[in-house]
Structures are given as structure tokens and as C-alpha cells.
Amino acid sequence: MTRRVVLAGGGHAHLAVLADWARAPMPGTMRTLITSSRHTAYSGMLPGWMAGIYRPDELLIDLAPLAERAGAELVLADVVGLDAVGQTLRLSTGGDTAFDLLSLATGGDTDTAALAGLGERLLPVRPVNMFMDRWTQFAGQQSAASKPVVAIVGGGAGGVELALAARAALRSICAAPRIVLIAGPGGVLPGHAHGARRLARKALIQREIVIETGMTTGQPEGLELDDGRLIPADLVIAATGSVAPRWLAQSGLACTPRGFVTVGADLRSPSHPAIFAAGDIIERSDRALTRSGVHAVKAGPVLAANLRAALSGAPLRQYQPRDATLYLLSLGDAHAIASWGGLAGSGRWVWWLKDQIDRRFVSRYTAGWQAKGTYP
Ligand SMILES: Cc1cc2nc3c(=O)[nH]c(=O)nc-3n(C[C@H](O)[C@H](O)[C@H](O)COP(=O)(O)OP(=O)(O)OC[C@H]3O[C@@H](n4cnc5c(N)ncnc54)[C@H](O)[C@@H]3O)c2cc1C
């Protein structure tokens, strides 16, 4: 009997699954990848792209050849509904797709609830492809004489990197861009150790980025801070963290109070054993885990092994992350900050390391490796 194995989402967590399928046959299965768009952006290089360091093709991974090698049908559509009991996905293109085994890794949605009042000025960082298009358009409208004001909401790693990248990009076009970073009440890089936070603040201040802390809401002309001040802005980038996709709420799948998919260390749903999930769409029942590409990528091989194990009835593996995760933050100008547990450092050498790691990751899934016919 042929079993229908479906991957929903062609991002960080599923790349290793596709590579696994390309490496070794999956007898007795019919495989499908459902994802929003043909290209997926490697988020670690997104700030570098924005800063003008990388071309789009250096961070975009074409899923079509990867799916082909994996023997998977590529369906370009958004999942808009899931019936966990009936084992079907509803797609934005109309119709349902049935599955015997499903892996969910569509990521999270950007939390823009407080910013909706900005209207057209709001630019959420996800979907990344839309972000890239709209940023290109915005930057293209600037000239040497313009004085754009760009605000970035979110003081996490993504927000800090995007603020520095926006500054680098606009400084190459106009003399006087104004960049404002609005970090939440926890300040810049909450959750990171003192040394990394100090280095990030220093880098932002040195590059004339204005830092505000506190809650903010979107108004038609800009951002209102919780002390009542208004920051007019031409563009507001939301790097505010993830909320769960809304379609999960009606799925019948066990979800956490915040609406994310509940999984254990084996990445399997405790309510529906035919469903696995990884990346930003999950919350672990056994431990807290920061949403990051590092965890999505490192969970990938475990997910791949467990999908095979679920088909054969073999024991499942567990994704047990290390205690500390290495974060490398681009500063927009070939410098970077490293944050690893209580340790932090910065400089050109960190950028060099980050560049090597990021390029190597993308090259695993792009033309060079495909030409060799193998995915490491
Ligand atoms: C600017 C920025 C910089 C970042 N830098 C880093 C970093 O340096 N290091 C780090 O560890 N993390 C970083 N992150 C976080 C990292 O990007 C995420 O944690 C990671 O992408 C999560 O992987 P995922 O597989 O869950 O989702 P994603 O990689 O987001 O993949 C989701 C995929 O699903 C598709 N999709 C989305 N919705 C649907 C749908 N409804 N139906 C079908 N397909 C869908 C998307 O097109 C995409 O292909 C960064 C994030 C941002 C925004």
C-alpha cells in the first residue's frame, strides 16, 4: 500500500528532510511538498542581502530541483486549514490534500497585532519573499536628497540586524537616513548575556541608530510609544516575533495555550501520531525552546529520521538541543557579533566566520551540490 507523506512548508526545518529523501529511497511512499513559493530564503543572510552584501540568488534556495531529487511533487500553495482527524490539508488554491503522514514546518506569522494602524507603512519580516520585494521597492524610491525615516520594532536578534542592515543600505543611497529601533521593555537582545547586549547597544549607537525601549502601537503616521511620544516613520519593519498560524486553531491538533503545535522531543504530536512538526510552528511539551533557525535546522535530520521510523515502526529519535546556541549577528558592514551563552565577541573575524557558515549552508542545497548529485 502506498502511503502519502506530505511536508507542509519548504523552509529551514524541511531542507534536511528533502535532502534525506534525495539521498535514500522511500519505498512505498508518495511524497509531496506544499509550500508558499518556489524559493526559500536563508534567513541568516537576509540582513546581509538588505545591506547590499549578498545578491538575492546567494540566499535563495530553489526548492524545485531539490523536490525533484527527493521524488516529491512540489505544490505551490498556502496551507489554510488542517483536519487532523480526517488527515487532510486545505490549500489556498482550493481543494484538499489527504495524507497518511504529515510534517508541519510552515514557520510562524509575524505578530503585527499592535501595529495594524500603520496601514501601508507596515512591513512585516514574514513572508520573507514579500519582505524582500517591498524593501527593494522602498530602497528604489530613495535618492541622494531623500531623508527616509525607518523604524524597526523588535529588539531581538532579527530586529537588531535589520536595523543595522537598513542603515547600511540607506547610507549607500542617501546622506541622512534616520533609523529608529524600538526594543520591547526587555531592551536590546533580551535573553542574551550582558556582554552581547553591551556590544549590540554599542554597535547601534556607533552607527547612529536611535534606540527606544517600551511598548509601541501603530498609528497612520508612525509609532506611538507608551510614554505618548509619536515617532513619524516612512516605513516600519515588524520584527516582533512569531504568533501561531491561525488555521491551527480549528485543526483539532493538540496546541499550546499560545496556539503553537505541541510536540515532544521526538517532534511528534501527542494527539495525532501521524503528524510531526518542527521549527517556529512548535512549542515543546518537555522544555522551552527559543524560536530560531538554528533549532529548525538542527531538528531537520531528527525529523527526517523520525518520518522514516514512523513508516517502518522503528523507534523515534529525540531532538535534544545543546545548552547554549551560537548566534552570529551581522552589523551590516562586514562586522558581526558572536553571542554564545555567557561569552560574546565582535569584529571582522566574526563576520568572516558567519559568512563562511552561512554560504556553506546554502551551498548544500543549491546548484553546486545538485550538480554532484548528493546532499551532505
Ligand atoms: C530577519 C531574520 C533573521 C534571522 N536570522 C536568524 C539567524 O541568524 N539565526 C537563527 O538561528 N535564526 C534566525 N532567524 C529565525 C529563523 O529564520 C527561523 O527560526 C526559521 O526560519 C524557522 O524555520 P522554519 O522551518 O520553522 O520556518 P521557515 O524557515 O520560515 O519556513 C517556512 C516555510 O513555509 C512556507 N510557508 C509559510 N506559511 C505557509 C503555509 N501556510 N502553507 C505552506 N507553506 C507555508 C514558507 O514559504 C517557508 O518556505 C531569523 C529570522 C528573521 C526574520
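Helices, with at least four residues of type H or I, and strands, with at least two of type E, are DSSP runs numbered from the N terminus. In these terms, Q320 of the present predicted model is placed in the loop between α8 (293-312) and β23 (326-330). With a relative accessible area of 45%, Q320 is partly exposed. The C-alpha atoms of Q320 and A70 are separated by 26 Å, the two residues being 250 apart along the chain.

The protein chain is divided into domain 1 (3-36 + 77-108 + 244-321) and domain 2 (110-241). Taken over C-alpha atoms, the centres of domain 1 and domain 2 are separated by 32 Å.

Because R126 is located in the loop between β11 and α5 and D280 in the loop between β21 and β22 (282-284), the pair ties together parts that are 154 residues apart in sequence. R126 counts as partly exposed at 34% relative accessibility, and D280 counts as buried at 14%. R126 is also joined to P127 by a cis peptide bond, with omega about -5°. P127 itself is found in the loop between β11 (122-124) and α5.

The salt bridge between D358 and K354 has its closest N and O atoms 2.9 Å apart. Because D358 and K354 are four residues apart in helix α9 (residues 348-364), they are separated by about one helical turn. D358 counts as buried at 5% relative accessibility, and K354 is likewise buried, with a relative accessible area of 5%.

Aromatic contacts were considered with a limit of 6.5 Å between ring centres. By this rule the count comes to four aromatic pairs. W135 and F138 form a tilted aromatic pair, with 5.6 Å from centre to centre and 40° between the planes. The angle is described as tilted because planes under 30 degrees apart count as stacked and those over 60 as edge-to-face. W135 and F138 are three residues apart in helix α5 (residues 128-140), and therefore separated by about one helical turn. Both of these residues, W135 and F138, are buried. Elsewhere, one aromatic cluster is formed by Y42, F361 and Y365.

Two arginine residues were identified over aromatic faces. R31 lies over the face of W21, at 5.8 Å from the ring centre. R291 lies over the face of F260, with 3.7 Å to the ring centre.

Helix α5 also contains G140, which counts as exposed at 61% relative accessibility. The C-alpha atoms of G140 and I173 are 9.1 Å apart in space, while the residues are 33 apart in sequence.

On the surface, L326, W340, L343 and I357 form a nonpolar patch that has about 390 Å² of accessible area together.

Most residues other than glycine have a negative phi, and most peptide bonds are trans. E208, a residue other than glycine, has a positive phi near 60°. E208 is placed in the loop between α7 (194-206) and β14 (210-213) and counts as exposed at 60% relative accessibility. L267, although not a glycine, has a positive phi of about 65°. L267 is found in the loop between β20 (261-263) and β21 (275-277) and, at 0% relative accessibility, counts as buried.

Terms used
Residues are numbered from 1 along each chain as its sequence is written. This is a predicted model: local features need pLDDT of at least 70, side-chain atom pairs count only at pLDDT 80 or more; totals for chains, interfaces and linings use all residues. Side-chain values use heavy atoms; hydrogens and water are left out. Rings of Phe, Tyr and Trp (its six-membered ring) pair if their centres lie within 6.5 Å; planes under 30 degrees apart count as stacked, over 60 as edge-to-face and the rest as tilted. Buried means under 20% relative accessible area, exposed over 50%, partly exposed in between (1.4 Å probe, protein chains only). A charge sits over a ring if NZ of Lys or CZ of Arg is within 6 Å of the ring centre and within 35 degrees of the ring normal. Patches are made of residues with over 30% relative accessible area and no salt bridge: like charges are joined within 9 Å, nonpolar side chains (Val, Leu, Ile, Met, Phe, Trp, Tyr) within 5 Å. Accessible areas come from the Shrake-Rupley method with a 1.4 Å probe; for residues, only the protein chains shown count as cover. A salt bridge is a side-chain nitrogen of Lys or Arg within 4 Å of a carboxyl oxygen of Asp or Glu. Domain bounds come from an automatic or database domain assignment.
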